[in-house]
Amino acid sequence: MPLYTSDYLKNLSRRKTVLFSQEMINESKKVHTSFDIFLSHSYLDKEEVEGLYIELRSQGYSVYVDWIVDPQLNRTNVTKESAKLIQTRLKMSKTLLLAVSTNASLSKWMPWELGYVDGNTGKCALIPVSMSSYNVPEVFNRFEYLQLYPFIKKVPTTGLGEKLFVIEESRK
């Protein structure tokens, strides 16, 4: 499966175990010093994002998702304090993955988060979420400015199962 589908991610979210649900609740109680991944997303894709969170965690990554780690943030009332907290979380993260979905273009935060990381570390990539559940495209089409960034692809490996790879160009 080259790209993640909405159905696949929703199914992961729906099938999560009680143990994993408790782990997600505990994330907001932990004191975090770093994250492997800051997962930038549209809140309208909450179920898919939870599936991505589960997928990335199952591959061994520590993942920041605002409504999981910082549930006290008020998404409807942006303040200097909330923006400062997001900046702090971005700085604590080794990389940013931008979940590109049909709702991504509606997010006000995603371009800001991408620009912040790109301008400071440049360690960012796209993670495509396809609405199609049957004919998953082999090519990831995206807005012009997003073509500047590499994207993540899940690739089967020999003996290690499926792993995530950063695709910079069609064959690189």
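**Figure 1. Overall fold of the predicted model.** The protein has 6 helices and 7 strands, where helices (H or I, at least four residues) and strands (E, at least two) are DSSP runs numbered from the N terminus. Read from the N terminus, the order of elements is β-α-α-β-α-β-α-α-β-α-β-β-β. This is a predicted model, in which local features need pLDDT of at least 70 and side-chain atom pairs count only at pLDDT 80 or more, whereas totals for chains, interfaces and linings use all residues. Residues are numbered from 1 along each chain as its sequence is written, and side-chain values use heavy atoms, with hydrogens and water left out. Of the 172 residues in the protein, 45% are buried; buried means under 20% relative accessible area, exposed over 50%, and partly exposed in between (1.4 Å probe, protein chains only). The accessible surface comes to about 9,900 Å², and 54% of this surface belongs to carbon and sulfur atoms. Accessible areas come from the Shrake-Rupley method with a 1.4 Å probe, and for residues only the protein chains shown count as cover. Among contacts between residues at least 6 apart in sequence, 69% join residues at least 24 apart; contact means heavy atoms within 4.5 Å.

**Figure 2. The salt bridge between Glu48 and Lys10****.** The structure holds 8 salt bridges, each defined as a side-chain nitrogen of Lys or Arg within 4 Å of a carboxyl oxygen of Asp or Glu. In the pair formed by Glu48 and Lys10, the closest N and O atoms are 3.8 Å apart. Because Glu48 lies in helix α3 (residues 46-58) and Lys10 in helix α1 (residues 6-14), the pair ties together parts that are 38 residues apart in sequence. Glu48 is buried, at 6% relative accessible area, whereas Lys10 is partly exposed, at 22%.

Figure 3. Asp70 sits in the loop between α4 (66-69) and α5 (80-92) and Arg89 in helix α5, so distant parts of the chain, 19 residues apart, are linked by the pair. Asp70 is buried, with a relative accessible area of 4%, and Arg89 is buried as well, at 11%. Elsewhere, Glu55, Lys154 and Glu162 are linked in a network of salt bridges.

**Figure 4. Helix α2 and its buried face****.** Phe20, Met24 and Glu27 are the buried residues of helix α2 (residues 18-27). Seen down the helix axis, these residues fall within an arc of 55 degrees, so they line one face of α2; the arc is that of the directions from the helix axis to the C-beta atoms. An α-helix has 3.6 residues a turn, so residues three or four places apart point the same way. The buried residues of α2 pack against α3 and α4, while Val18 and Leu19 are exposed on the other side of the helix. Glu27, with 2% relative accessibility, counts as buried and forms a salt bridge with Lys30, the closest N and O atoms being 2.8 Å apart. Lys30 counts as partly exposed, at 44% relative accessibility. Asn26 also lies in α2 and is partly exposed, with a relative accessible area of 30%. The C-alpha atoms of Asn26 and Ile68 are 9.0 Å apart in space, although the two residues are 42 apart in sequence.

**Figure 5. The second largest pocket and Glu113****.** The second largest pocket has a volume of about 260 Å³. It is lined by 16 residues, and those closest to its centre are Asp66, Arg75, Ile86, Trp109 and Glu113. On a 1 Å grid over the protein atoms alone, a pocket is an open set of points where a 1.4 Å probe fits, with protein on both sides within 12 Å along at least five of seven lines; lining residues have an atom within 4 Å of a point. Grid points are joined across faces, edges and corners, and a volume is the space filled by probe spheres set on the points. β2 (35-40), α5 and α6 each supply at least two residues of the lining, and β2 gives the most, with 3 residues. Glu113 is found in helix α6 (residues 109-120) and counts as buried, at 6% relative accessibility. Leaving aside neighbours within four places in sequence, Glu113 is in contact with Phe38, Ser40, Ile86, Leu90 and Leu96.
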